[in-house]
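I'll jot down what I look up, one entry at a time.

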Amino acid sequence: MKGWQSARASLIWVALALAIGVPIALAAGSEQLAWRGPVYILAGFAGIIALGLVLVQPLLIGGYLPGLSSYRGRRAHHWIGGALALMVVIHVAGLWITSPPDMIDALTYTSPTPFSPFGVTAMWAIFTVALLALLRRRLGLRLRTWRIVHIPLAIVIVAGSVAHCLLIEGTMETISKVALCAAVLAVTVKVMVDLWRKRTLRGGSIARQ
């Protein structure tokens, strides 16, 4: 039994590493990089890493990563949220340096590219969550209130990030990109369903008492 649990834990971590690492590795071998400058490349890979972190976040909050206690999972979720915001800043700053007019159009929702509004919307949602997380104690947000605010924003982040990524035809290899996006959506849906079931069961237990 312990052997199976250990093997299962290893498979989960390997699957996560492959889901994030393979798209990054394949993007690093893209022929399109030959025509890109270092700042643009840095910005692009920051975006890919950010999407990988979006996958990790629901896994942590749902307690699906073996070897992490609930407390450690929440702490890791907090710090990786900060890393996600940092990757988005690097992504946007790099693109701003390489092409300010395009970024102005994107930030003002006037860009002709279909992927821009999804990315910008996800960006603002990420920054909002990060800011609220930093100010949560000062604002006196209770756990229930925090969840009411955080969960819709998390859905916006996931949906916007996935749409943004899928619509871009860039350095990411298609199959691995679609697989990563599908994993992000699947894990997020599972976490939402599991959280809803737990609250329903808890509410039912309280009502019976």
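Before anything else, a note on names: a helix here is a DSSP run of at least four residues, and helices are numbered from the N terminus. I'm also keeping in mind that this is a predicted model.

**Entry: salt bridges.** I searched the whole structure and got one salt bridge. Which side chains meet in it? They belong to lysine 190 and aspartate 194, at 3.4 Å from N to O. I then checked where the two sit: both are in helix H7, residues 174–208, and they are four residues apart, about one turn of the helix. As background, side chains of opposite charge can pair when their charged atoms come close.

**Entry: buried or exposed?** I looked up both partners of that bridge. Lysine 190 has 45% relative accessibility, so I put it down as partly exposed. Aspartate 194 has 18%, and because buried means under 20%, I wrote it down as buried.

**Entry: two helices.** Next I looked at H2 (residues 38–61) and H3 (residues 70–98). Their axes come within 8 Å and cross at roughly 160°. Angles over 145 degrees count as roughly antiparallel, so that's what H2 is to H3. I noted the crossing of H2 and H3 as left-handed. What kinds of residues make the contact of H2 with H3? I got 21 nonpolar, nine polar and no charged residues.

**Entry: a backbone angle.** Phi of tyrosine 109 is near 60°, a positive value in a residue other than glycine. I found tyrosine 109 in the loop between helix H4 (100–107) and helix H5 (116–139). At 44% relative accessibility, tyrosine 109 goes down as partly exposed.

Terms used. Residues numbered from 1 in each chain as written. Predicted model: local features only at pLDDT ≥ 70, side-chain atom pairs only at ≥ 80, totals over all residues. Heavy atoms only, no water. Axes fitted to C-alpha atoms, helices over the stretch in contact; angles between N-to-C directions. Parallel < 35°, antiparallel > 145°, perpendicular 65-115°, else oblique. Left-handed = near helix turned anticlockwise from the far one by under 90°. Nonpolar A, V, L, I, M, F, W, Y, C, P; charged D, E, K, R; others polar. Salt bridge = Lys/Arg side-chain N within 4 Å of Asp/Glu carboxyl O. Buried < 20%, exposed > 50% of the residue type's maximum accessible area, 1.4 Å probe, protein only.
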